Amino acid sequence: THGGALSSERREPDLDVREAANAAAKRAIGERAAQLVPDGASLILDSGSTTHAVARALTARHRLSVYTNDWRIALVLGRRNENRVTLLGGELSDIEDAAFGLDTIHQLAQYHVDFAIVGAGGITPDAHLSDYSRMAAEVRAKMIEAGNIVVVVADTSKFGRVTPVRINGLERARYIV
């Protein structure tokens, strides 16, 4: 690109690779983001390695109403502390333990929550969230629309990274952790 360069990597790394990368930072991000969420809150929790760290940090909270497209997150927070967990449907991703697609988007349109906690494939130099696929970007944009307070969680590897599809709604983020 003019004045810079872009990675030739245009496909999202597999979940196990992302889980291992910056693991300590993701735990710290998860703990900090979880501090924002009080007992009894409703939240949409996006899929991904960093949001999974948020879910693990939320295990001490009680009476949460959680909506997620990530079945691992549903298992971490469900059946404990009087939490209510709704697993959003859709097509199972090839590289992530989560559902995406039109069914997921239609379900998300039914909800309004206290917090939307979302990740992204990248945060571009011109301050946009981006992702690797159009469907993932649309799901995340719908999550952002549904949240009263939007929290973006991303480790340092995401800053300056440009992935192919823009996610609308970063201007609604109250926090970037």
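R63 sits in the loop that joins α3 (49-57) to β2 (65-68), where helices (H or I, at least four residues) and strands (E, at least two) are DSSP runs numbered from the N terminus. This is a predicted model, in which local features need pLDDT of at least 70, side-chain atom pairs count only at pLDDT 80 or more, and totals for chains, interfaces and linings use all residues. Residues are numbered from 1 along each chain as its sequence is written, and side-chain values use heavy atoms, with hydrogens and water left out.

Although R63 is not a glycine, its phi is positive, at about 55°, and the residue is partly exposed, with a relative accessible area of 43%; buried means under 20% relative accessible area, exposed over 50%, and partly exposed in between (1.4 Å probe, protein chains only). N81, in the loop between α4 and β3 (84-87), likewise has a positive phi, near 50°, without being a glycine, and N81 is partly exposed at 26%.

Helix α4 (residues 71-77) contains L75, which is exposed, with a relative accessible area of 58%.

Helix α6 covers residues 134-146, and its 13 residues, at 1.5 Å a residue, should span 18 Å, which agrees with the 19 Å between its end C-alpha atoms; the expected span is 1.5 Å times one less than the number of residues. The buried residues of α6 are A136, A137, V139, R140, A141, M143, I144 and A146.
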